[in-house]
Amino acid sequence: MTSETITADAAGTWTLGDLTVNRIGFGAMRLTGSAAFHLGTPSDRQRSIAVLRRAIELGVNHIDTAAFYFSSLRSANEIINSALSPYPDDLVIAAKVGPFRDYTGEWGTSARPEDLRGHVEENLRQLGRDHLDLVYLRRMRQDSVAEHFGALAELRDKGLIRHLGISDVEPRHLAEAQAIAPVVAVQNRFGLDSRNRVTDDMVRICGERGIAFVPFFAIAGDAGAEGATTAHDEAVLAVARAHEATPAQVRLAWTLAQGPHVLAIPGTGNPDHLAENIAAGALRLTDDELDILNSLHQKAG
């Protein structure tokens, strides 16, 4: 596929509440290094800034980030601020709150409801903004999300947050949250070769309710936070060859084909990979190819 001339609007758009975004966005996790958090080598700061600016040039208007995205040298939010502020009017920045890492990079105790304002304000401080367009409550194994989500709903009422989402959840958590305030997006792990029946149900339910489903690790496979998988099934490779595309592009195209409400937020610190990821929004799989890939997903664990 020709990559450099394809822009993010090729994937179509979706509306998060009252904010329209292109369905191909950008995940900030990999801006900080070769792998997320403290798992890899810190990135070159100027290269990460250049990747972000190129993403905007290629039509990306949805960036997913978090204050806990940092390596020993780099903070994703600081890089976003330095690269893009003053921010384009149409840029939607989504952040996650709930998990916590201390200054050494170690994971700390998950936030209690009363801690969430501090998490939101830390994202605001790092990004240099007076409000966040979208904030996800990342569920950290708690059985109920009501108290935590209610705390975020209060911050929305105060004007610190525009829209709310939830992450790593089951249908019952979505019902809990919707009883408190509108939910515009759900973010769970989901990909071609990572199947979870509950998450498959979430994809369907979100589509029925007009809620965006925003998977993470859509092209990472089993590698997860350590980066994109290099283990590709022969069926994926065959589809890639047919379209003169990369396996990662096929994975992204399959993700977007799961419904018009499904968004993609692939992350990278590599400008060439950035262009390839965005170009995947123009890749249209045939019905036969989708049948083959859907069957592969059904067999995945």
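View 1. His-297 lies in helix α10, which spans residues 287-299, where helices (H or I, at least four residues) and strands (E, at least two) are DSSP runs numbered from the N terminus. The model is predicted, so that local features need pLDDT of at least 70 and side-chain atom pairs count only at pLDDT 80 or more, whereas totals for chains, interfaces and linings use all residues. Residues are numbered from 1 along each chain as its sequence is written, and side-chain values use heavy atoms, with hydrogens and water left out. With a relative accessibility of 4%, His-297 counts as buried (buried means under 20% relative accessible area, exposed over 50% and partly exposed in between, with a 1.4 Å probe and protein chains only). When residues up to four places away in sequence are not counted, His-297 touches Phe-190, Gly-191, Leu-192, Ser-194, Arg-195, Asp-200 and Trp-254, a contact being heavy atoms within 4.5 Å.

**View 2. The buried side of helix α2.** In helix α2, formed by residues 76-84, the buried residues are Ala-76, Asn-77, Ile-79, Ile-80, Ala-83 and Leu-84. These residues cover an arc of only 160° around the axis, which puts them on the same side of α2; the arc is that of the directions from the helix axis to the C-beta atoms.

**View 3. Leu-58 in the loop between α1 and β4.** The loop that joins α1 and β4 holds Leu-58, which counts as buried at 3% relative accessibility. Although Leu-58 and Gly-281 are 223 residues apart in sequence, their C-alpha atoms are 12 Å apart in space.

**View 4. The protein chain around these sites.** The protein chain has ten helices and nine strands. Its radius of gyration, 18 Å, is close to the 19 Å that the globule rule gives for 301 residues, so the chain is as compact as a globular protein of that length; the radius is taken over C-alpha atoms, and the rule is 2.2 Å times the number of residues to the power 0.38. Taken along the principal axes, the C-alpha atoms fill a box of roughly 50 × 45 × 35 Å. Buried residues make up 56% of the 301 residues, and, among contacts between residues at least 6 apart in sequence, 74% join residues at least 24 apart.
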